[in-house]
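This report concerns a ligand site, the pocket around it, and some features of the backbone. Please consult the sequence and structure shown here while reading.

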Amino acid sequence: MLYPTPLEKLSSPVFDKKGLEIWVKRDDLCHPEVSGNKFRKLKFNLLKAKELKKETLISFGGAYSNHIYALAAAAQLFDFKSEAIIRGQELNENSSPTLTFASQKGMKMHFVTRSDYRDKAALSSNFSDESKFFIPEGGSNQYALPGCAEIIDEVLTEITPTHFCLAAGTGGTAAGVLSNKNFKGEVYGFPALKNGGFLINEIQGLLQEPTDRLSFFEEYHFGGYAKYNDTLLKFIKDFESEFDILLEHIYTAKLFFGVFDLIEKGQFPTGSKIVIYHSGGLQGRLPILSEN
Ligand SMILES: Cc1ncc(COP(=O)(O)O)c(C=O)c1O
């Protein structure tokens with residue numbers, strides 16, 4: 001594990017001309033298998049599970065879930081067994097690279113129908129016993145918050161940002177960042193899914209208080225969760241060759257695209273110090289992005 005992760009400044013005449021400092025918090029570099037916001041969200045869950053002397057970590061997810069991937073790897077690293085309730089009765093351990101990886105890490109999987117999957121409370125009670133520690137879908141619960149708050153602590157040892165920009169899926173990372181009261185700047189969220197505005201309520205629920213420091217920019221979903229088009233693919237290729245930082249199409253490319261678009265539109269006042277959070281997920285990077 002690499003902590004603190006690097007905070008890198010991006011250089012470009014475009015940013016200089018606008019009087020902006022752009023920094024990237026490189027959580028993609030923290031670990032090859034438990035990277036990005038995943039370990040941030042899991043850390044205090046794992047500590048709680050150890051404290052409660054639980055043997056097995058169990059969670060929910062889809063066939064391409066970054067959370068399931070990271071959970072399987074983290075469980076093995078920290079001597080837990082792992083289980084997952086997977087959406088899709090028709091699937092098996094080899095239905096996606098994520099599931100294959102997780103099963104190689106020793107994760108036991110329960111495949112359930114899409115309609116059964118919706119009733120998490122019923123599933124939790126069906127699959128629960130004394131030895132298991134349940135972690136919600138995406139890893140976003142109260143224990144995710146202090147881990148994500150540590151991202152801000154690390155940043156504040158180096159710079160004081162005016163804006164912290166992140167991708168949002170369940171909102172747990174945003175809630176954790178906002179829970180750190182040492183950070184007084186704005187948090188800009190970029191939902192990876194269509195109509196992601198509902199996440200504001202989820203985030204306030206996790207925070208257990210309203211916040212006026214969070215703004216959501218909902219127009220960068222590119223058609224919905226995991227959807228992409230040629231514009232996004234071209235952006236990824238151009239970005240990677242200019243800055244030598246890899247992106248994936250589900251979360252981080254949409255985030256960086258959105259921030260760069262807002263920069264162009266003059267959203268950030270001159271003098272802003274903007275941190276863009278690289279939340280990892282690179283195991284889901286499209287193979288076509290590696291072709292020339
Ligand atoms: C790579 C990556 N970035 C960002 C997110 C979004 O984080 P959150 O669900 O905490 O909003 C996820 C999913 O959880 C993810 O896998």
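The sections below treat the ligand shell, the pocket and the backbone in turn.

## Basis of the model

The structure is a predicted model. Residues are numbered from 1 along each chain as its sequence is written.

## Ligand shell

The ligand is surrounded by 16 residues. The closest of these are Lys38, Lys41, Thr170, Thr173 and Ser279. By class, the shell comprises 11 polar, 3 nonpolar and 2 charged residues.

Three elements each supply at least two residues of this shell: helix H2 (37-51), strand E7 (163-168) and helix H8 (172-179). Of the contributors, H2 gives the most, with 3 residues.

On its own, the ligand has 380 Å² of accessible area, and the protein covers 97% of it.

## The largest pocket

The ligand takes up the space of the largest pocket. The volume of this pocket is about 970 Å³. It is lined by 47 residues, and those closest to its centre are Glu137, Gly138, Thr170, Tyr225 and Tyr251.

The lining draws at least two residues from each of H2, strand E3 (56-61), helix H3 (66-77), helix H5 (114-118), E7, H8 and helix H9 (199-207). H3 provides the largest share, 4 residues. In the lining, 21 residues are polar, 18 are nonpolar and 8 are charged. H2, E7 and H8 are the elements named for the ligand shell, and they are also among those named for the lining.

## Backbone features

A cis peptide bond joins Tyr3 and Pro4, with omega of about -10°. Pro4 belongs to the segment before strand E1 (7-10).

Asn195, a residue other than glycine, has a positive phi, near 55°. Asn195 is located in the loop between strand E8 (186-191) and H9. H9 itself is one of the elements that supply at least two residues of the pocket lining.

Key:
Predicted model: local features only at pLDDT ≥ 70, side-chain atom pairs only at ≥ 80, totals over all residues. Heavy atoms only, no water. Near = heavy atom within 4 Å. Areas by Shrake-Rupley, 256 points an atom, 1.4 Å probe, with all protein chains shown as cover. 1 Å grid on protein atoms, 1.4 Å probe; cavity = no way out; pocket = protein on both sides within 12 Å on 5 of 7 lines; lining within 4 Å. Sits in = over half its atoms within 2 Å of the grid points. Nonpolar A, V, L, I, M, F, W, Y, C, P; charged D, E, K, R; others polar. Points joined across faces, edges and corners; volume = space filled by probe spheres on them.
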